[in-house]
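Dear colleague,

Please find below the structure that I am handing over to you. A summary of the findings follows it.

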Amino acid sequence: MATPVGNGASGAAFPARPNQLPGAPGAAVATAVPVAAAAPGAPAVPGSAPLAKSGGAPPAARPGGAPEKRPPAAVATGVRARLAQATRTPPGRLRLAGVVLAVLTVAFGGLTAWQLETRAQAADRVVSYSQPLSRDAAEIHRSLADAATTAASGFLLAGAEPDAVRTRYEQDIATAAKLIAQAAARTTATSPAQGSLSRLNQQLPAYAGLVETARADNRQGIPLGGAYLRYASEQMQTVLLPAAAELAAAENQELADDYAEAKAVPWAAYGLALVTLAALAWVQLTLFRRTNRVFNIGLLGATAAVLAGGLWLAVTGLTTSAALKRSVHEGAAPLKALNTARADVLTARLAENLHFVARGSTTKYADQWTKAVGDLAGTTDVPADRSAGSLPEALRLAPSAAQPSVREAAKQFDEWRKRHDEARKREVFEADYQGALEATVTAKGDAATADASFNATDKALAQAADIEQDRFKQAAEGTGGDLRTAAVAAALLGLVAAAAALRGLGRRLAEYR
């Protein structure tokens, strides 16, 4: 067997042939030859593996060749690291302060504008939606009660019914139908008032039909007419008037909700204003300590803009809240009390008329009269005590402009009670039904009847309600526009403050270039 020939200079053996394995017979022992690093820029040796960088092994590739995504925690850590590195230098800290101040000032303007716009929309709803619906609901209740009262008066007068009585009844029905249709058109499908409106819309034609049947029978002298009228009045008192009362309660609640939203204090805007002013003061104080420069015009302008926005917000909030409160005390609250008093007056008048329609066959309507009078005056035993009734409540809440009308209504109500008591005595103690009827309702328009006192009472309350409605409009109108103007101003001042802050810090950054 031949032996490998060695290199005498180096003593290294030639590498073995590819078909010879180490340790095989005739195989030479191969020695490792160190490979020198390639010079910079030199091409890589074919077949050699690339050298790994000093930072460790290269990142493993995902299936398909896409790079592996870093987890969110690693990304957040990297962001914080870059942010910390950027704020190590004064220019980096100035840039960060500019970003923070710009975000705060713009957020202050946007949040203030949004909250004021929300209040403005609520104030607009109070004037153009909630209060008109509340007023219409009360008018529906009053029109229905007056229609029932007038129908009973016309029935008692029979063939002597004046055209004015018939016209008043027809106007009441037409007014109620019109307002019900308008309320249904303006009320949303999810409103709690929809059920009441549906019942009113269905039952009003049925009631009118019963009244016409009673009127026709009465003119022909058929006794069944009285039964029809009593049934119609029963439907009015048990179905229509309760539905109207539910509608009024729902609309009053919606009005109260809109009032509460319109008068809400924008605490979030006030809080953000304080935070923004504190940040501006801190940045200016920091600059003063590090640069010994007392003023920065840009930051001072931003502070002034935020202060102006906060003051505008405060002043507008106070003035509009005061106007809305005045509209409640001088309009909405007295109107509600007056509407209650007018409904009680009509209830008493209906009971008084139905008592004569029943011709003494029941004491039901006499009891209804007593209850209605108690609701009006507060007590029936002591007429001077009016502390708990709807009429003294209306007098207590009425402002100075409406008090004369309410006092006149109270005076006429007292006269009405006296005439009612006199008619009641003639009916009970003298057995003079016809005389008692003529003292209660007459076709001649006699001023000495209970009917005349009732009309005077209702008229005085209607005049007071008109005064209250005008005062409500004067107090509440324009509040939405004031709030909306303040919202636009706050948004613009927020942008001005942001621009001024960036301008002031930009001048300071320019000194590092």
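A pocket is found on a 1 Å grid over the protein atoms alone, as an open set of points where a 1.4 Å probe fits, with protein on both sides within 12 Å along at least five of seven lines; lining residues have an atom within 4 Å of a point. Grid points are joined across faces, edges and corners, and a volume is the space filled by probe spheres set on the points.

This is a predicted model, in which local features need pLDDT of at least 70 and side-chain atom pairs count only at pLDDT 80 or more, while totals for chains, interfaces and linings use all residues. Residues are numbered from 1 along each chain as its sequence is written, and side-chain values use heavy atoms, with hydrogens and water left out.

The largest pocket holds about 1,100 Å³ of space. Its lining comprises 40 residues, and nearest the centre lie Ala-138, Ala-248, Lys-336, Asn-339 and Thr-340. Two or more lining residues come from each of H2, helix H5 (224–262), H7, helix H8 (364–377) and H12; helices here are DSSP runs (H or I, at least four residues), numbered from the N terminus. The largest contribution is that of H7, with 13 residues. By class, the lining has 20 nonpolar, 10 polar and 10 charged residues (nonpolar: Ala, Val, Leu, Ile, Met, Phe, Trp, Tyr, Cys and Pro; charged: Asp, Glu, Lys and Arg; polar: the others, Gly among them).

I turn next to the salt bridges (a side-chain nitrogen of Lys or Arg within 4 Å of a carboxyl oxygen of Asp or Glu). The model has 23 salt bridges. One of them joins Glu-330 and Arg-471, with the closest N and O atoms 2.7 Å apart. Glu-330 belongs to helix H7 (residues 297–357) and Arg-471 to helix H12 (residues 450–476), so this pair ties together parts that are 141 residues apart in sequence. Glu-330 is partly exposed at 22% relative accessibility, as is Arg-471 at 24% (buried means under 20% relative accessible area, exposed over 50%, partly exposed in between, with a 1.4 Å probe and protein chains only).

A further salt bridge links Glu-415 to Arg-419, at 3.3 Å between the closest N and O atoms. Both lie in helix H10 (residues 403–428), four residues apart, and are separated by about one helical turn. Glu-415 is partly exposed at 30%, whereas Arg-419 is buried at 17%.

With kind regards
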